Amino acid sequence: MYRIISMQGDEIGMVDEVLYIKVTESGSFSPCTMEEAVGVAVNSVAYNLLGHEDIEGTETVIVSKCDGASLVASQQKVLDNMLISMLEG
């Protein structure tokens, strides 16, 4: 999994696969490889990748690989503890 994070540290979203994009000669966006990319698309919204400003008027983001299973496991622990507290109290 990948986390898409704004430069302010806010999480834009989490995705299984990153949709890397580039700007074509006509000005439209096209899917591309990571090496060709100037940005990413998340929920149909385009963002510049750190180090690029090719997509005018958009926010710059960082793509960070993360372990999805660890995130799910930690959230499950929190939910389990909440349920136990509710049942005991």
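This is a predicted model: local features need pLDDT of at least 70, side-chain atom pairs count only at pLDDT 80 or more; totals for chains, interfaces and linings use all residues.
## A loop residue and its strands

Ser-44 lies in the loop between strand S5 (39–42) and strand S6, where strands (E, at least two residues) are DSSP runs numbered from the N terminus. At 79% relative accessibility, Ser-44 counts as exposed, a word used for over 50% relative accessible area, while buried means under 20% and partly exposed lies in between (1.4 Å probe, protein chains only).

Residues are numbered from 1 along each chain as its sequence is written, and side-chain values use heavy atoms, with hydrogens and water left out.

## The sheet

Seven strands form an open sheet with mixed pairing, in the order S2-S1-S7-S6-S5-S3-S4; two strands pair if DSSP finds at least two bridges between them. S2 and strand S4 (29–31) stand at the edges with a single partner strand each, so one side of each is left without a neighbour in the sheet. Neighbouring strands of this sheet are turned by 40° against each other on average, direction ignored, the axes being lines fitted to C-alpha atoms, for helices over the stretch in contact, with angles from 0 to 180 degrees between N-to-C directions.

## Strand S6 and its partners

Strand S6 is largely enclosed by the rest of the structure, because four of its five residues are buried. S5 and S6 run antiparallel and are joined by four bridges, and in their hairpin, which has two residues between the strands, Asn-43 takes a positive phi near 50°. S6 and S7 run parallel, joined by two bridges, and Leu-49 stands opposite Val-61 in S7.

Asn-48 lies in S6 (residues 45–49), and Gly-39 stands opposite Asn-48. At 2% relative accessibility, Asn-48 counts as buried, and its side chain reaches the backbone oxygen of Ile-55 at 2.9 Å.

S1 and strand S7 (residues 60–65) run antiparallel and are joined by five bridges, with Ser-6 standing opposite Val-61 in S7. Met-7 is found in the loop between strand S1 (2–6) and strand S2 (11–15), and at 42% relative accessibility Met-7 counts as partly exposed.

Notes. A polar contact is a pair of N or O atoms within 3.5 Å; within protein, one must be able to donate a hydrogen and the other to accept it, and residues adjacent in sequence count only if both atoms are side-chain atoms.
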